[in-house]
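Open your viewer and get ready to click through a few selections with me. We will look at a ligand site and then at a pair of helices.

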Amino acid sequence: MADFDAIVVGGGLTGMSVAYGLLQRRLTVAVIDEGDVAHRASRGTFGLVWAQSKGRAMPEYARWTRESVKLWPAFAEELHERTGIDVAYSNDGGYMFAFSEQELEQRKSVYDEICAGLGLKHPDYEILDRKAVVADFPGIGDAVRGATFCPLDGDCNPLALLHALHKAFLIDGGKYLPGHRLAEIVQHGSRLVLRTTCSRFETDRIVLAAGIGNARIAQSLGCSLPLRPLRGQILVSERAKPVIPRLTHAVRQTKEGSIMFGDSHEDVGINDLTTAATIRSIAGRAVKTFPFLSSLRIVRSWACLRPMPVDGFPIYDRIPRHPGVIVLNTHSGVTLAAAHARIIATQIADGTLGKAIRHFSINRLDVQATH
Ligand SMILES: Cc1cc2nc3c(=O)[nH]c(=O)nc-3n(C[C@H](O)[C@H](O)[C@H](O)COP(=O)(O)OP(=O)(O)OC[C@H]3O[C@@H](n4cnc5c(N)ncnc54)[C@H](O)[C@@H]3O)c2cc1C
């Protein structure tokens with residue numbers, strides 16, 4: 001039996017961001033992780049640190065995203081200083097292309113709604129016509145009619161981010177236990193006993209950051225968590241000289257020269273297989289946007305499941321009747337990593353989570369207790 005102030009279940013981006021933040025608040029922390037047999041969104045993600053399209057139906061989410069985006073520069077720098085790992089963060093703004101006037105108009109009305117919800121006097125995005133887009137992206141396809149541009153948007157290397165978080169966690173004295181699948185959580189008075197396939201721990205706080213796996217764990221604690229897996233597929237090209245000069249939400253060129261293509265959203269249940277139809281559609285849209293990409297070879301593709309709360313907004317809350325068990329789920333674990341490390345970790349450490357961020361409670365989802 002080992003004793004920690006907090007045990008985090010899940011060593012993906014959410015779990016490691018919070019675990020790293022908890023260590024900085026001087027808690028003793030262990031992270032248990034099932035390993036590659038689990039679905040692991042953080043290993044298959046695209047890498048956007050993205051604000052512009054987030055929070056249409058919930059201004060608090062738009063605000064939360066922007067808060068994280070603002071914390072990102074110092075967060076990336078701190079990880080670099082502490083670990084020597086450059087997460088390749090850049091924040092020169094991001095573009096979303098439109099293929100018709102109507103699409104551009106629709107996008108504009110979405111962003112106007114987001115900015116109105118935020119109470120912004122001046123929108124924090126720009127509408128670019130085709131001429132402005134051509135100036136920023138020489139060689140862009142004729143099909144592109146315009147774009148929205150938001151200066152807040154950026155990207156990073158998400159695998160380097162995950163690596164840096166793991167390294168920083170170990171440097172700061174955290175205990176990482178791979179190959180440990182959560183078997184059971186039992187409440188003993190105010191204390192919690194957590195058993196894995198090969199160990200037993202006692203603690204006051206358990207943070208569930210098991211991604212899509214949170215649904216099953218919450219169920220075992222009498223809470224039916226409305227999460228759905230949402231598949232995304234990504235293609236990666238061979239390395240090329242710099243050809244995509246700025247960040248776009250569906251095509252990004254990495255610092256090493258590979259070009260990543262993505263942005264599929266497929267509601268197909270627990271199924272992380274790639275499909276020819278989606279790969280064709282992603283590649284087709286990319287070539288329509290940047291015709292010069294048609295000669296590049298695709299060298300890798302994968303599919304991965306987003307852990308998606310049913311209404312699309314994060315869940316940060318305590319499990320009903322088990323106040324020491326905290327559940328964290330988001331489909332924007334890269335973007336929100338800075339807020340998770342800085343803000344959510346502080347609220348977990350000082351016991352204010354849930355009081356501070358009510359909009360992201362489980363209750364809003366009309367969750368039923370199952371026993
Ligand atoms: C294709 C795609 C593109 C994306 N693009 C972006 C993007 O550009 N920007 C962005 O912000 N977000 C993006 N996301 C979303 C982002 O990747 C996720 O929000 C994030 O990775 C979720 O991290 P997590 O730690 O919550 O979950 P995961 O990464 O799934 O981690 C869960 C961890 O829990 C462990 N686990 C599971 N069950 C158990 C158990 N019973 N016991 C112990 N351990 C367990 C697993 O091993 C795993 O390591 C994308 C997602 C996908 C799929």
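Domain bounds here come from an automatic or database domain assignment. This is a predicted model, in which local features need pLDDT of at least 70 and side-chain atom pairs count only at pLDDT 80 or more, while totals for chains, interfaces and linings use all residues. Residues are numbered from 1 along each chain as its sequence is written.

**Stop one: the ligand.** Select domain 1 (2–51 + 159–226 + 311–365) and domain 3 (227–309): each gives at least three residues to the shell around the ligand. Now pick G12, G211, G213, G232 and G333, which come nearest of the 42 residues around the ligand; a residue is near if its C-beta atom, placed from the backbone, lies within 6 Å.

Next, colour helix 1 (13–24), strand 2 (29–33), strand 12 (227–237) and strand 16 (298–309), each of which supplies at least two shell residues. Helices (H or I, at least four residues) and strands (E, at least two) are DSSP runs, numbered from the N terminus. Which strand gives the most to the shell? Strand 16 does, with four residues.

**Stop two: a helix pair.** Show helix 2 (residues 59–83) and helix 5 (residues 158–171), which pack at an angle of about 55° with their axes 10 Å apart. Axes are lines fitted to C-alpha atoms over the stretch in contact, and angles run from 0 to 180 degrees between N-to-C directions.

To see where they meet, select L79, R82 and T83 in helix 2 with A164, K167, A168 and I171 in helix 5. Contact means C-beta atoms, placed from the backbone, within 7 Å.

Terms used
Contact = placed C-beta atoms within 7 Å.
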